[in-house]
Amino acid sequence: MAAASSSDSDACGAESNEANSKWLDAHYDPMANIHTFSACLALADLHGDGEYKLVVGDLGPGGQQPRLKVLKGPLVMTESPLPALPAAAATFLMEQHEPRTPALALASGPCVYVYKNLRPYFKFSLPQLPPNPLEQDLWNQAKEDRIDPLTLKEMLESIRETAEEPLSIQSLRFLQLELSEMEAFVNQHKSNSIKRQDAVTSLCFGRYGREDNTLIMTTRGGGLIIKILKRTAVFVEGGSEVGPPPAQAMKLNVPRKTRLYVDQTLREREAGTAMHRAFQTDLYLLRLRAARAYLQALESSLSPLSTTAREPLKLHAVVQGLGPTFKLTLHLQNTSTTRPVLGLLVCFLYNEALYSLPRAFFKVPLLVPGLNYPLETFVESLSNKGISDIIKVLVLREGQSAPLLSAHVNMPGSEGLAAA
């Protein structure tokens with residue numbers, strides 16, 4: 001009896017919610033397999049018979065197999081494949097004589113396709129844009145077999161994160177591949193010229209079938225929801241009064257002023273000038289100390305940023321490991337916008353009684369502007385007492401003794417290993 005009473009109350013509650021709703025649930029299918037955006041939905045009388053159809057630019061599951069679908073009610077009338085992912089759909093009138101049946105414009109990739117009577121009628125291709133010069137240079141190196149696919153992937157990812165211009169379709173597809181598929185893709189497309197084409201860039205409301213006010217939605221899982229607005233629906237909840245909201249006239253519950261607050265206010269009022277002078281004095285001292293520290297860093301080449309406009313470099317060091325072997329990674333970046341940097345050397349200065357490096361001196365490859373180059377080496381701690389020291393990293397130009405920039409790496413100790 002209790003279960004029957006509960007089910008009856010739930011049914012009554014559902015009927016009450018449906019009666020109070022402004023929408024009629026015309027159709028709901030969570031397995032409709034429709035994947036699209038609001039811009040790719042359009043409602044139009046495609047055949048001039050007064051029956052409005054739903055036009056869908058379907059992305060396909062996982063962005064694969066995009067298709068153009070036309071629905072009549074909950075059923076799919078026709079569907080045809082698309083050459084690229086759709087971006088927008090719209091209907092317009094091309095003819096002046098009756099019956100005026102609308103044509104369909106669908107943006108897909110770098111083209112706009114016009115359909116008349118649901119058949120391809122016209123194709124307009126957008127003009128190509130110049131590719132990113134850094135991206136073009138990388139593919140030229142891949143064409144001449146001067147760069148491996150893994151390095152190409154890392155550099156393209158760096159360009160995608162830092163460059164203002166988006167990558168070409170060829171590079172974006174390459175970045176989506178698995179490591180085992182990259183070499184075959186590069187061999188197949190390295191001779192092609194890259195092209196950059198920024199494509200013509202879900203919820204739809206309008207007349208559908210014989211109903212004037214229909215709301216059509218698609219869900220993330222591919223479901224289709226159709227709701228019809230009731231003719232008796234009223235969207236004005238309250239009166240149309242003009243003015244500030246009622247909440248603005250409500251008084252806030254402000255706490256009473258405490259004795260401590262009053263004393264502090266009087267103190268600031270009486271000693272306001274002295275407090276301001278003390279603040280300005282401390283601020284000037286802080287600026288002076290910061291300027292002295294900056295000057296000392298420039299004079300001793302301790303700055304991780306190069307101060308010369310001819311060699312705009314940035315250095316960052318990271319130490320990883322628990323010891324006695326540590327991994328030291330130097331992140332070197334050319335902050336110039338147009339000119340590459342080459343002919344640089346990296347030198348490590350350290351206490352040979354405490355540390356051992358396989359290479360204390362090596363050359364730096366060509367630094368392309370804007371890219372971050374990680375340079376890795378290993379440091380072995382020779383002390384069994386957990387003693388740590390500083391390793392100084394110098395970046396020099398060939399033939400010069402003064403470093404362009406440097407960094408002090410505070411090496412961690414290995415006390416735990418020494419105690420073990």
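Figure 1. Cys347 is buried, with a relative accessible area of 17%, where buried means under 20% relative accessible area, exposed over 50% and partly exposed in between (1.4 Å probe, protein chains only). Cys40 is also buried, at a relative accessible area of 0%. Across the whole structure, a search finds 0 disulfides, a disulfide being a pair of cysteine sulfur atoms within 2.5 Å. The structure is a predicted model, in which local features need pLDDT of at least 70 and side-chain atom pairs count only at pLDDT 80 or more, while totals for chains, interfaces and linings use all residues. Residues are numbered from 1 along each chain as its sequence is written, and side-chain values use heavy atoms, with hydrogens and water left out.

**Figure 2. The nonpolar cores.** The largest nonpolar core has 44 residues, of which Leu152, Phe174, Val346 and Phe348 touch the most other members. Such a core is a set of buried Ala, Val, Leu, Ile, Met, Phe, Trp, Tyr and Cys residues joined through side-chain atoms within 4.5 Å. A second, separate core of 13 residues includes Leu68, Val70, Leu106 and Tyr113.

**Figure 3. Aromatic pairs.** The whole structure contains 3 aromatic pairs. Rings of Phe, Tyr and Trp (its six-membered ring) pair if their centres lie within 6.5 Å; planes under 30 degrees apart count as stacked, over 60 as edge-to-face and the rest as tilted. Phe174 and Phe185 form a tilted pair, 5.9 Å centre to centre with 35 degrees between the planes. Phe174 belongs to helix H4 (residues 169–175) and Phe185 to helix H5 (residues 179–189), 11 residues apart. Helices (H or I, at least four residues) and strands (E, at least two) are DSSP runs, numbered from the N terminus. Both Phe174 and Phe185 are buried. Together with Trp139, Phe174 and Phe185 form one aromatic cluster.

**Figure 4. Surroundings of Phe348.** Phe348 and Phe362 form a tilted aromatic pair, with 6.0 Å centre to centre and 40 degrees between the planes. Phe348 lies in strand E15 (residues 344–349) and Phe362 in strand E17 (residues 361–364), so the pair ties together parts that are 14 residues apart in sequence. Phe348 and Phe362 are both buried.

Figure 5. Strand E8 (residues 111–116) pairs with strand E9 (residues 119–125) in the antiparallel sense over 6 bridges; strands pair if DSSP finds at least two bridges between them. Cys111 has Ser125 in E9 as its bridge partner. In the hairpin, 2 residues lie between E8 and E9, and Asn117 in the turn has a positive phi of about 60 degrees.
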